[in-house]
Amino acid sequence: MNQTVICPGSFDPVTLGHLDIITRASRMFDKVLVAVLVNSSKRPTFSTEERIELLREATKELPNVEIVSFEGLLAEYCKKSGIGTIVKGLRAVSDFEYEFQMAIANKKLNPQLETIFLTADADSTFLSSSMVREICSMGGDIGNFVPACVHDRIVRKLCQS
Ligand code: PNS
């Protein structure tokens, strides 16, 4: 069976934790759509275009990964695109309640939709985009937290803001 899965997120910006989940999903499934949420209410630090570009650069060695954006409900986007599986990373127990709620809500909205969780790599359990933004904007070193190929672009942007 040719299986396409979706890895949704804010990716504001992409971290090594995201890249780990995307890479592992790309080995398990035929195609991985990485879907960037276009936040209409929240104002992300990186624009949709910037988040997409950073993800494209970070995943350029993974031929079965495609970067897209979506607005509105993920369950509706999956229905429209014919996608039946969401892949998400779970870092810690603290992630579980929120992710569990989202998985159930998405299944209620679209009963064909399954959510699969991959356990985060041990080095990424503490890592989040908000932590990267905070550390970097206070002058800290984010070299161990973001993909090397997009490090400088992320630093430049966060130093400006
Ligand atoms: O990286 P994040 O911020 O944890 O990703 C969360 C995301 C984008 C997967 C989630 O907020 C989402 O799917 N938003 C789209 C709107 C939606 O479908 N909301 C209902 C989910 S219960």
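I started at Val-34 and set aside its neighbours within four places in sequence; Val-34 is then in contact with Cys-7, Phe-11, Ile-22, Leu-55, Val-65, Glu-66, Ile-67 and Val-68. I note that the model is a predicted one.

Next I looked up the cores. The largest nonpolar core has 29 residues, and those with the most contacts inside it are Val-34, Leu-55, Val-87 and Ile-154. Two or more residues of this core come from each of strand 1 (4-9), helix 1 (16-28), strand 2 (31-37), helix 2, strand 3 (65-70), helix 5 and helix 6. Apart from this core I found another, of twelve residues, among them Ile-6, Leu-33, Val-68 and Phe-70.

I read five strands in an open sheet, in the order 3-2-1-4-5, with parallel pairing. Strand 3 and strand 5 (114-119) are the edge strands, and each pairs on one side only. On average, neighbouring strands of this sheet are turned by 30° against each other, direction ignored.

I checked one pair in detail. Strand 1 and strand 2 are joined in the parallel sense over six bridges. Gly-9 stands opposite Val-36 in strand 2. Helix 1 packs on the sheet and touches strand 1, strand 2, strand 3, strand 4 (85-90) and strand 5. The direction of helix 1 makes about 120° with that of strand 5.

Last, I went to helix 6. Which residues are buried in helix 6 (residues 148-160)? I found Val-150, Ile-154 and Leu-158 buried there. Residues three or four places apart point the same way, because an α-helix has 3.6 residues a turn. The buried residues of helix 6 pack against helix 2 (48-58) and helix 5 (129-137).

Terms used: Residues are numbered from 1 along each chain as its sequence is written. This is a predicted model: local features need pLDDT of at least 70, side-chain atom pairs count only at pLDDT 80 or more; totals for chains, interfaces and linings use all residues. Side-chain values use heavy atoms; hydrogens and water are left out. Buried means under 20% relative accessible area, exposed over 50%, partly exposed in between (1.4 Å probe, protein chains only). Helices (H or I, at least four residues) and strands (E, at least two) are DSSP runs, numbered from the N terminus. Contact means heavy atoms within 4.5 Å. A nonpolar core is a set of buried Ala, Val, Leu, Ile, Met, Phe, Trp, Tyr and Cys residues joined through side-chain atoms within 4.5 Å. Two strands pair if DSSP finds at least two bridges between them. Axes are lines fitted to C-alpha atoms, for helices over the stretch in contact, and angles run from 0 to 180 degrees between N-to-C directions.
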